[in-house]
Amino acid sequence: MSHLIIQNLTKTVGDKTLFQNIEFTIYEGERAGLIGINGTGKSTLLSILAGEVEADSINKDHPNKYRIAYLPQEPTFTSGDTVLQAVFAGDSPILQLNRQYEETVAALAADPTSENLQNALFGLQHRMDEEQAWDVNALAKTALTKLGIDMFDKEAVTLSGGQQKRVALAKVLIEPADLYLLDEPTNHLDVQSTEWLQEMVLRLKGAVIFITHDRYFLDELSTHIYELANQTLYRHTGNYGDYLEARAIREEMEAASAQKNRNRYRSELQWIRRGAKARTTKQKARIQRFEQLEGNLERKTEDVSLEMGLATTRLGRKVLEAEHIMKSFGEQKILDDFSFLLQQGDRIGIIGANGAGKSTLLNLLAGELKPDIGEIQMGSTVKLAHFKQTLPKMNEHERMIEYIREASNDITDAEGVRYSAAQMLERFLFPLYAHGTPIGKLSGGERKRLHLLRLLMEQPNVLLLDEPTNDLDIETLGVLEDFIEHFPGVVMTISHDRFFLDRIAKKLWILDGQGHVEETLDIYSEYLQKREQAETVKVEAPKVEKPKAEKPKSEKKKLSFKEQKEWETIATDIEKAEAMIVETEEGIATAGADFTKLQELTAKLDELNAHYEHLIERWSYLDEIVNG
């Protein structure tokens, strides 16, 4: 079984270390989804593995003739190459044979009487038969067609950026390889193309490492999740759902531990105040544990919630309204007799095939285009923000914090709380130490995230979003979705991201490419599956009874013989309980996706914490008698 072993991989760009001494092994048949916040080095990692970028240090081990096929985020083509020539531009013999065949066919079409070309074509046909290359030829043309490319003879460099990405994707999918590296393969694909791509990737025989923001695609394909964070690569077994479940359990454990720590903190505080009189070795060790616990609690309080509702200019009754509007470009009708009325709180997803006119519709709503017939009326209180697929030109030398402050130095939420530009940058996953970074040093995804935040800083009440999910990392998408959920105004978005639309859109406008717009209240996945909207089952959380507090002892008492014995050993018992709690918590932290082990350790931790709290209560009670 072929494999790739990577060790001691380090890469620094300027003064920023992306990853340091990371290591992993990927085997044939494994499909690893690579996730992480924009700027952590996901695309750089793939380009290093593809040999396009040099690492600071790396050790690689793989079999001889180990082939890698690479789809970069922004592919480039040789000037003059047609689409088919670009698809067959790989260095594998079967692709080179197909390229020679297609070039000879094209040359013969231009000069059909050439005997040399006729003989060359006959020889190539014979070789295609011998090497069974016809299947690859058919697959290439099928892949291009499924991805929406039917201009086989057109020069590749003249295509749009989205079309070039699809041509490059077709090239990678037909190329025989041991490892496929796919950087955002779902960008610019409609849902039908994405579903076809999903089936194609499942058929690949080699290993796959892919970056995507499409969480449904990630969940369906991944057998492992590689997470880049803190200059380290973390490997999780299972798909994206398994990863989320494991992370949720860890966070739940951390939250539970935080609550336990708060209880322990109060008990420890009482212990420190009473027991610090005796400067024994045990007491000094306890003081050290207390200080460590106190430090952990302080760090916990620094966590910032990403959810907040923005204060916006109040919308009047009229937001956007149109009656019987029409728009065409030449013979192509974009809108034909379309009427609508937008109301406060609308969340509309605009969907349709590529070229159906979705972006044109948003440009009409933004007032950047005029309808051929009819008029779009905008309410007097409307404050629009239009997020486009192509970012505006940004000053490469300007620092992030300055770019945001140009829009606003602070922002107010629905509760009237003000947040500075620096605080908002942190909420959008830009750490405080990076706020002075020049824009020129940011990745494409980081720039997109920064521009999105700038638009939100202007506190609009109508958001027009054109493919906002492209090139954004999953963490940022979660932040954006949280903002939109708490956003009091109107949101209209174009997206092919099924998860994003399922979560955001409450209504769909479906453009058919002939000028007609269908409206449905189905969520996106249900619309795609042609079935009725599923009912949400509400699960009531179980009620937790609070333990009854023990009544304080008011009368002066003396220790009984049994209590005296208990007092002599209780300090040691508490230390043993603490050690077992720490050991169990460490076991939970390293359990990963082993849910059986997690359940066992969780149950054990609950028992240990209950026993610990009982010991602390007994110590407090006995100490009150001894020292009260």
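What you're looking at is a predicted model, where local features need pLDDT of at least 70, side-chain atom pairs count only at pLDDT 80 or more, and totals for chains, interfaces and linings use all residues. Residues are numbered from 1 along each chain as its sequence is written, and side-chain values use heavy atoms, with hydrogens and water left out.

A salt bridge here is a side-chain nitrogen of Lys or Arg within 4 Å of a carboxyl oxygen of Asp or Glu. K507 counts as buried, at 18% relative accessibility; buried means under 20% relative accessible area, exposed over 50%, and partly exposed in between (1.4 Å probe, protein chains only).

Now zoom out. The chain has 19 helices and 20 strands, taken as DSSP runs numbered from the N terminus (helices are H or I, at least four residues; strands are E, at least two). Of its 628 residues, 48% count as buried. As for contacts (heavy atoms within 4.5 Å), residues 24 or more positions apart account for 70% of those with a separation of 6 or more.

The structure holds 22 salt bridges. In one of them, E446 pairs with K16, the closest N and O atoms being 3.9 Å apart. E446 lies in helix α14 (residues 444–457) and K16 in strand β2 (residues 16–27), so the bridge ties together parts that are 430 residues apart in sequence. E446 is buried, with a relative accessible area of 8%, whereas K16 is partly exposed at 38%. Another bridge joins E566 and R618 at 2.8 Å, N to O. Here two helices are involved, α18 (residues 561–589) with E566 and α19 (residues 595–627) with R618, so parts 52 residues apart in sequence are tied together. There is also a network: R215, E481, D482, E485 and R503 are joined by salt bridges that share partners.

Next, the cores. A nonpolar core is a set of buried Ala, Val, Leu, Ile, Met, Phe, Trp, Tyr and Cys residues joined through side-chain atoms within 4.5 Å. The largest has 52 residues, and V87, F88, L144, V167, L173, L197 and V201 touch the most other members. Helix α6 (residues 161–174) gives the most to this core, with seven residues. Apart from it lies another core, of 37 residues, among them M394, M400, L429 and F483.

F483 also leads us to helix α15, as one of its buried residues. In α15, 10 of the 12 residues are buried.

Finally, look at H213, in the loop between β7 (207–211) and α8 (215–221). H213 counts as buried, at 4% relative accessibility. Its side chain makes polar contacts with the side chains of N187 (3.5 Å) and T469 (3.4 Å). Such a contact is a pair of N or O atoms within 3.5 Å; within protein, one must be able to donate a hydrogen and the other to accept it, and residues adjacent in sequence count only if both atoms are side-chain atoms. Not counting residues up to four places away in sequence, H213 touches residues including I474 and L477, both among the buried residues of α15.
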